Amino acid sequence: MSKKSDSFVITIKQHESVPCLAGKTLLESLEQQNIALHYHCREGFCGACRSKIISGQVEYLTDPLAFIDDDEILPCCCKALSDIEIELGE
């Protein structure tokens, strides 16, 4: 029987690939690797960390209240469900 893995890779358009920490938000994983991302809330309502998702899947821990397009994510309140590729917001 195979065990589900929570070990994924975040490929960032402006950086190299970094590990995604199991059970942590994308923002927490990025911070662990000293990759800066503008944010304010960590709760999904301000939208400051809005980033473009190029490939992969995420799951929200808190439903985002900020407006995001279909190709955007809020790293402050989601975790990876697969290897992902993102372009960080400015």
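These legends walk through close-up views of a predicted model.

**View 1. A sheet of five strands.**
Let's start with the strands: they form an open sheet in the order β2-β1-β7-β3-β5, and the pairing is mixed. At the edges stand β2 (17–20) and β5 (72–73); each has a single partner strand, so one side of each has no neighbour in the sheet. As a reminder, strands of a sheet pair through backbone hydrogen bonds, either parallel or antiparallel.

**View 2. Where β3 meets β5.**
Here we look at strand β3 (residues 51–55), which pairs with β5 in the antiparallel sense over two bridges. Which residue in β5 is the bridge partner of Ser-51? That partner is Ile-73.

**View 3. The surroundings of Glu-72.**
Glu-72 belongs to strand β5. Its side chain makes a polar contact with the side chain of Arg-50, at 3.5 Å. A polar atom of the Glu-72 side chain also lies 2.8 Å from the backbone nitrogen of Asp-69. Beyond its neighbours within four places in sequence, Glu-72 is in contact with Arg-50, Ser-51, Lys-52, Ile-53 and Tyr-60.

**View 4. Cysteines without a disulfide.**
A disulfide is a covalent bond between the sulfur atoms of two cysteines. How many disulfides are counted here? The count is zero. For Cys-41, the closest cysteine sulfur is in Cys-46, 3.7 Å away, which is too far for a bond; the cut-off is 2.5 Å. For Cys-77, the closest cysteine sulfur is that of Cys-76, and at 4.0 Å it is too far for a bond as well. Cys-41 counts as buried, with 16% relative accessibility, and Cys-77 is buried too, with a relative accessible area of 2%.

Conventions: Residues are numbered from 1 along each chain as its sequence is written. This is a predicted model: local features need pLDDT of at least 70, side-chain atom pairs count only at pLDDT 80 or more; totals for chains, interfaces and linings use all residues. Side-chain values use heavy atoms; hydrogens and water are left out. Buried means under 20% relative accessible area, exposed over 50%, partly exposed in between (1.4 Å probe, protein chains only). Two strands pair if DSSP finds at least two bridges between them. Helices (H or I, at least four residues) and strands (E, at least two) are DSSP runs, numbered from the N terminus. A polar contact is a pair of N or O atoms within 3.5 Å; within protein, one must be able to donate a hydrogen and the other to accept it, and residues adjacent in sequence count only if both atoms are side-chain atoms. Contact means heavy atoms within 4.5 Å.
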